[in-house]
Amino acid sequence: MTPACPQCASTLAVLDVLLRRNRWGGAAPRPRPERWWECPACAWVGAQHRDGEPLRTMRRLSGPDENCPFCGEEESSVVGEPWRRPDGELRRWLVCLACGTGNSLRATGD
Ligand SMILES: [Zn+2]
Ligand SMILES: [Zn+2]
């Protein structure tokens, strides 16, 4: 089932996000557990945790500070909406589309 873009209603395209780090012994990259989609019309990008679940909009980051700290790929990271943990700390979810590394980071600018 292919969802429609939440921004412009175009049909989304599958985005392959593969875990490429720490694949010892020549193991092939494996896909991240989420489904990833991108919009060919408006460049929207997002993830879906399970088939039929709501899409989670991810924002592309740009600029030299947003290069992946793990694989070094430039402007490869996307970030989700921040959420507040039960202890009050604001976190955001950052994923590198090049090497598949996902990170939960403390969000700034609260
Ligand atoms: Zn779109
Ligand atoms: Zn990376």
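How many bridges join β5 to β6, and do these strands run parallel or antiparallel? In this predicted model, β5 and β6 are joined by 3 bridges and run antiparallel. Strand β5 also pairs with β4 in the antiparallel sense, over 4 bridges.

**Strand pairing**
- Between β4 and β5, the 4 bridges follow the antiparallel sense, and Glu38 has Val45 in β5 as its bridge partner.
- The hairpin formed by β4 and β5 has 6 residues between the strands, and Ala43 in this hairpin takes a positive phi near 70 degrees.

**The largest nonpolar core**
- This core has 17 residues, and those with the most contacts inside it are Met58, Val78, Val95, Cys96 and Leu97.
- Strands β4 (35-38), β5 (45-48) and β9 (90-96) each supply at least two residues of the core.
- The largest share, 3 residues, comes from β9.
- Leu97, among the core residues with the most contacts, touches Val17, Ser76 and Val78 when residues up to four places away in sequence are not counted.

**Thr57 in strand β6**
- Thr57 lies in β6, which spans residues 56-60.
- Apart from neighbours within four places in sequence, the contacts of Thr57 are Pro6, Gly46 and Glu81.
- The C-alpha atoms of Thr57 and Ala47 are separated by 6.7 Å, although the two residues stand 10 residues apart along the chain.

**Ser10 before strand β1**
- Ser10 is placed in the segment before β1 (13-14).
- Once neighbours within four places in sequence are left aside, Ser10 is in contact with Ala4, Cys5, Cys39, Pro40 and Ala41.
- One of these contacts, Pro40, is 30 residues from Ser10 in sequence, with a C-alpha to C-alpha distance of 7.9 Å.

Terms used:
Residues are numbered from 1 along each chain as its sequence is written. Chains are lettered from A and ligands numbered from 1 in the order in which they are written. This is a predicted model: local features need pLDDT of at least 70, side-chain atom pairs count only at pLDDT 80 or more; totals for chains, interfaces and linings use all residues. Two residues are in contact if their C-beta atoms, placed from the backbone, lie within 7 Å. A nonpolar core is a set of buried Ala, Val, Leu, Ile, Met, Phe, Trp, Tyr and Cys residues joined through C-beta atoms within 7 Å. A residue is buried if 20 or more other C-beta atoms lie within 10 Å of its own, exposed if 12 or fewer, and partly exposed in between; C-beta atoms are placed from the backbone. Two strands pair if DSSP finds at least two bridges between them.
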